[in-house]
There are 2 protein chains.
Amino acid sequence: MERKTVQRQEIIEVLKNNYNHPTIKELCELVSDKNIGQATVYRTVNSLVNDDVIRRIDCPDGVHYDYRKEHYHFYCLKCNKITDVFLDNSLIDNLLSTSNLTDIKHVNLVFEGICDNCKKLNKDTC
Amino acid sequence: MERKTVQRQEIIEVLKNNYNHPTIKELCELVSDKNIGQATVYRTVNSLVNDDVIRRIDCPDGVHYDYRKEHYHFYCLKCNKITDVFLDNSLIDNLLSTSNLTDIKHVNLVFEGICDNCKKLNKDTC
DNA sequence: CACCTTATTGATAATCATTATCAATTAAAT
DNA sequence: ATTTAATTGATAATGATTATCAATAAGGTG
């Protein structure tokens with residue numbers, strides 16, 4: 001049975017208030033004033049993913065986490081930033097119905113490309 | 001400019017003939033009789049991903065690679081195996097058109113759940 | 001409230017994956 | 001055949017994640 005520790009509460013709070021899909025490293029920085037050991041951050045985040053409280057996003061530059069779940073992602077191949085992509089769920093259901101998959105727990109959908117900001121920067125410098 | 005080395009040719013060949021989405025470790029085993037250093041496997045695979053010859057699949061259990069591209073994936077949360085999911089591309093195009101994304105280079109779509117085999121095993125043992 | 005049991009924490013060591021280094025090799029151009 | 005520079009392989013270095021374990025604290029019980 002899980003215990004309501006100050007560290008766990010703190011980490012959940014920080015994740016809930018953050019919309020930037022932080023990595024573990026960023027998460028450690030976000031709680032750095034709270035004196036939480038990094039082993040605890042790892043353990044807590046893993047347990048939260050297991051309990052479906054947060055979502056794990058596997059990206060080319062490493063693992064990111066997201067407290068919010070009802071959406072998808074765009075990943076910039078240049079700057080590695082993640083932005084949210086909101087899609088009509090009926091379209092995803094539609095997709096699933098054409099496959100012969102059942103009992104899908106998560107749909108991990110990441111669009112990869114170059115974000116507008118990086119495109120602009122590239123135009124300026126070339 | 002890229003050189004046609006025996007190691008690179010060998011690694012491409014192995015990837016082309018493998019349908020199991022190997023990890024780097026598995027790839028090293030697959031070429032173990034060819035005396036190719038693991039640093040070379042890493043370098044070659046990275047270069048192939050960069051050149052769009054193979055696709056990188058980021059999963060909870062690590063990185064997998066796939067020579068084939070025109071499909072999507074199912075990832076089993078129990079046994080970590082990946083299986084191919086073939087979907088009509090018009091459905092994906094449809095999805096994209098409802099977002100305001102342009103110039104998407106890859107669509108990384110992974111359905112997560114428990115595979116049939118693991119479901120059966122679980123039923124047997126509980 | 002005091003006590004007990006046990007999960008959790010934090011510091012650290014250990015492990016695993018990936019990248020960097022660099023001398024020796026080899027592809028490919030001349 | 002010679003030259004040049006990219007590639008290789010062995011190994012060291014780095015970075016990310018997990019394991020270990022004594023100390024702490026959550027939450028149940030009388």
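About 2600 Å² is buried between chain B and chain A, and carbon and sulfur atoms account for 67% of that area. Of the area that chain B buries against chain A, 23% is supplied by L95(B), F111(B) and E112(B), more than by any other three residues. The structure is a predicted model. In chain A the mean pLDDT is 93, with 97% of the residues at 70 or more. Among the elements of chain A, the mean pLDDT is highest in helix α1 (residues 6–16), at 98, and lowest in helix α5 (residues 116–125), at 78.

The contacts between the two chains are summarised below.

| Item, chain B with chain A | Count |
|---|---|
| Residues in contact | 28 residues of chain B, 28 residues of chain A |
| Salt bridges | two salt bridges |
| Polar contacts (both residues at pLDDT 80 or more) | twelve residue pairs |

On the side of chain B that touches chain A, at least two residues come from each of β1 (55–59), α4 (89–98) and β5 (106–113) of chain B. The largest share of this side, eight residues, belongs to β5(B). By residue class, the side of chain B that touches chain A comprises 16 nonpolar, six polar and six charged residues.

Strand pairing also links the chains. Strand β5 (residues 106–113) of chain A runs antiparallel to β5(B), and seven bridges join the two strands. Within this pairing, N108(A) has V110(B) of β5(B) as its bridge partner.

A salt bridge connects K119(B) to D103(A), with 3.1 Å between the closest N and O atoms.

Notes:
Residues numbered from 1 in each chain as written. Chains lettered and ligands numbered in written order. Predicted model: local features only at pLDDT ≥ 70, side-chain atom pairs only at ≥ 80, totals over all residues. Heavy atoms only, no water. pLDDT = per-residue confidence, 0-100. Helix = DSSP H or I, 4+ residues; strand = E, 2+ residues; numbered from the N terminus. Contact = heavy atoms within 4.5 Å. Buried area = accessible area lost by both parts, 1.4 Å probe. Salt bridge = Lys/Arg side-chain N within 4 Å of Asp/Glu carboxyl O. Polar contact = N/O pair within 3.5 Å; in protein donor to acceptor, adjacent residues only side chain to side chain. Nonpolar A, V, L, I, M, F, W, Y, C, P; charged D, E, K, R; others polar. Pairing = 2+ DSSP bridges.
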